[in-house]
Amino acid sequence: MSVTIKSAREIELMRESGRLLAIVHDELGKAIRPGISTKDIDEMGEKLIRSFGCVPNFLNYQGYPASICVSVNNEVVHGIPRRDRILQEGDIVSLDAGLIYKGYHSDAARTHAVGKISPEAEKLIKVTKQSFFEGIKMAKAGQHLFDISNAIDAYVTSFGYGIVRDLVGHGIGTKLHEEPQIPNFRQRRRGPRLQAGMTLAVEPMINMGTGDVEWLDDDWTVVTADGAYSAHYENTILITDSEPEILTIIK
């Protein structure tokens with residue numbers, strides 16, 4: 001397994017890529033409301049990304065037909081935006097987005113409430129987000145990669161939720177998906193040692209029911225096998241000699 005270590009110049013480019021993506025997510029989050037279509041969200045996201053002189057890295061990636069993955073309720077990830085898919089009061093919607101700035105990728109995801117949602121859905125979103133922060137407590141130089149996985153697992157399973165095992169986080173840099181793969185569930189081994197300069201996309205995908213998923217006939221949209229709601233939270237992070245730096249949040 002070869003994990004790239006970024007130079008000081010590359011880290012600066014990754015920081016800017018992440019900063020711009022954080023703005024995109026912030027603006028899209030403000031737009032979420034009942035009555036908006038998932039296609040509206042995609043178009044808004046692409047327009048914003050291009051306004052920064054950047055390229056949406058999901059568009060046409062392995063054939064994916066949109067710039068923003070918009071997944072609703074029991075859709076885990078990779079939902080394809082549609083004009084006729086209208087968000088309703090009580091829905092939850094996960095937005096997964098990324099961009100390329102001067103050759104460097106960023107990747108982040110957020111799950112939002114659409115209007116007023118149930119307490120159960122609210123708790124799922126909150127736990128999923130917090131599981132990311134529990135995981136990256138272990139994301140320090142000298143720790144091991146799967147310490148992140150084990151911390152996420154320990155936190156999530158304490159709530160009785162299912163962790164998606166078919167999809168994992170990943171390294172990121174000049175490619176959207178680089179080594180290493182980062183599971184969100186417990187591993188027997190500790191994995192490679194983390195080093196300063198590694199950039200990782202850590203992304204828990206958590207289901208209210210079991211962790212089992214299925215792919216729809218569009219070959220992209222991943223849904224929960226039992227129809228339960230799913231939430232997704234992701235940031236691109238930089239490993240440092242002290243605390244990890246989150247590149248894709250508004251500072």
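Predicted model: local features only at pLDDT ≥ 70, side-chain atom pairs only at ≥ 80, totals over all residues.
View 1. The search runs both ways: for Cys69, the closest cysteine sulfur is that of Cys54. A disulfide is a covalent bond between the sulfur atoms of two cysteines. A pair would need its sulfur atoms within 2.5 Å to count. The count of disulfides comes to zero. Are these two residues buried or exposed? Cys54 is buried, with a relative accessible area of 3%. Cys69 is buried too, at 3% relative accessibility.

**View 2. Helix α4 and its cover.** Helix α4 takes in residues 145–157. Its 13 residues should span 18 Å at 1.5 Å a residue. The end C-alpha atoms lie 19 Å apart, which agrees. How many of the 13 residues of α4 are buried? Ten are, so the helix is mostly covered. Leu145, Phe146, Asp147, Ile148, Ser149, Asn150, Ala151, Ile152 and Asp153 are among the buried residues. Val156 is also buried. What covers them? The cover includes helix α3 (119–136). It also includes the strands β6 (162–163), β8 (178–182), β9 (199–202) and β10 (205–207).

View 3. Asp147 forms a salt bridge with Arg190. The closest N and O atoms are 2.8 Å apart. Where do the two partners sit? Asp147 is in helix α4, and Arg190 is in the loop between β8 and β9. They are 43 residues apart, and the pair links distant parts of the chain. Asp147 counts as buried, at 9% relative accessibility. Arg190 counts as partly exposed, at 45%.

View 4. Side chains of opposite charge can pair when their charged atoms come close. Glu43 and Arg83 form a salt bridge, with 2.6 Å between the closest N and O atoms. This pair also links distant parts of the chain, 40 residues apart. Glu43 belongs to helix α2 (residues 38–51). Arg83 belongs to the loop between β3 (75–77) and β4 (92–101). Both partners are partly exposed: Glu43 has 36% relative accessibility, and Arg83 has 48%.

View 5. The whole structure holds 15 salt bridges. One of them joins the side chains of Lys137 and Glu134, at 3.2 Å from N to O. Lys137 is partly exposed, with a relative accessible area of 47%. Glu134 is buried, at 19%. The cut-off for buried is under 20%. Elsewhere, a network of salt bridges links Glu12, Arg15 and Glu245.

**View 6. Aromatic rings around Phe159.** The structure holds six aromatic pairs. One of them joins Tyr155 and Phe159. Their ring centres are 5.1 Å apart and their planes stand at 65°, an edge-to-face pair. Phe159 also pairs with Tyr161. Which arrangement do the rings of Phe159 and Tyr161 take? Their planes are at 15°, so the pair is stacked. The centres of these two rings are 6.3 Å apart. Phe159 is partly exposed, with a relative accessible area of 32%. Tyr161 is buried, at 11%.

**View 7. A ring cluster, and a charge over a ring.** Phe132, Phe133 and Tyr233 form one aromatic cluster. A ring also meets a charge: Arg165 lies over the face of Phe185. The distance from the ring centre is 4.1 Å.

**View 8. Backbone exceptions.** Most residues other than glycine have a negative phi, and most peptide bonds are trans. Which peptide bond is cis? The bond from Glu179 to Pro180 is cis, with omega near 5°. Pro180 lies in strand β8. Asn60 is not a glycine, yet has a positive phi of about 70°. Asn60 sits in the loop between β1 (55–56) and β2 (69–72). Asn60 is exposed, with a relative accessible area of 57%. His78 is not a glycine either, and has a positive phi of about 65°. His78 is found in the loop between β3 and β4.

Note on methods
Residues numbered from 1 in each chain as written. Heavy atoms only, no water. Helix = DSSP H or I, 4+ residues; strand = E, 2+ residues; numbered from the N terminus. Expected span 1.5 Å × (residues − 1). Buried < 20%, exposed > 50% of the residue type's maximum accessible area, 1.4 Å probe, protein only. Contact = heavy atoms within 4.5 Å. Salt bridge = Lys/Arg side-chain N within 4 Å of Asp/Glu carboxyl O. Phe/Tyr/Trp six-rings, centres within 6.5 Å; stacked < 30°, edge-to-face > 60°. Lys NZ or Arg CZ within 6 Å of the ring centre and 35° of its normal.
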